[in-house]
Amino acid sequence: MSDSLIRIKAVEARLGIKKSMLYDHIKKGLIVGAIRIGDRAVAFLSAEIDAIVAARIAGKSDDEIRDLVKTLMANRQKIADKILTAA
């Protein structure tokens with residue numbers, strides 16, 4: 001897994017869905033939220049997307065995926081808090 005940022009087109013290709021469904025999945029808690037990288041640009045952590053794909057491959061239910069997404073988002077916040085505290 002990589003901690004690189006990937007743009008929406010790459011996430012669409014990785015998940016096999018279009019942007020409208022991607023945002024619907026985010027709203028339903030099935031995919032992590034995007035990270036704003038500019039005024040009109042967002043990206044996703046590739047490691048988080050990889051974790052969601054792996055869970056789908058493993059046959060996890062939507063409820064289990066939602067729990068995974070909550071964990072990924074909480075971890076993202078912990079990392080951000082740690083960096084901001086150290087600055």
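1. Buried means under 20% relative accessible area, exposed over 50%, and partly exposed in between, with a 1.4 Å probe and protein chains only. Glu48 is therefore buried, at a relative accessible area of 6%. This residue lies in helix H3; helices (H or I, at least four residues) and strands (E, at least two) are DSSP runs, numbered from the N terminus.

2. The model is predicted: local features need pLDDT of at least 70 and side-chain atom pairs count only at pLDDT 80 or more, while totals for chains, interfaces and linings use all residues. Residues are numbered from 1 along each chain as its sequence is written, and side-chain values use heavy atoms, with hydrogens and water left out.

3. Contact means heavy atoms within 4.5 Å. Not counting residues up to four places away in sequence, Glu48 touches Val32, Leu72 and Arg76.

4. Helix H4 covers residues 62-86, and its 25 residues should span 36 Å at 1.5 Å a residue; the expected span is 1.5 Å times one less than the number of residues. The end C-alpha atoms of H4 are 36 Å apart, which agrees. The buried residues of this helix are Ile65, Val69, Leu72 and Arg76. An α-helix has 3.6 residues a turn, so residues three or four places apart point the same way. Strand S2 (35-38), strand S3 (41-45) and helix H3 (46-57) are included in what covers the buried residues of H4.

5. Which residues does Ile65 touch, leaving out those up to four places away in sequence? They are Gly29, Leu30, Ile52, Ala55, Arg56 and Lys60. Ile65, in H4, counts as buried because its relative accessibility is 0%. Between Ile65 and Val32 there are 10 Å in space, C-alpha to C-alpha, and 33 residues in sequence.

6. Arg76, also placed in H4, is buried with a relative accessible area of 16%. A polar atom of the Arg76 side chain lies 3.0 Å from the backbone oxygen of Gly33. Apart from neighbours within four places in sequence, the contacts of Arg76 are Val32, Gly33, Ala34, Ile35, Leu45 and Glu48.

7. Leu45 belongs to strand S3. Its contacts, with neighbours within four places in sequence set aside, are Asp3, Ser4, Leu5, Ile35 and Arg76.

8. The axes of helix H1 (residues 8-15) and helix H2 (residues 19-27) come within 10 Å and cross at roughly 85°. Axes are lines fitted to C-alpha atoms, for helices over the stretch in contact, and angles run from 0 to 180 degrees between N-to-C directions. H1 and H2 are therefore roughly perpendicular to each other (65 to 115 degrees). Ile8, Val11, Glu12 and Leu15 in H1 meet Lys19, Leu22 and Tyr23 in H2.

Technical notes
Parallel < 35°, antiparallel > 145°, perpendicular 65-115°, else oblique. Polar contact = N/O pair within 3.5 Å; in protein donor to acceptor, adjacent residues only side chain to side chain.
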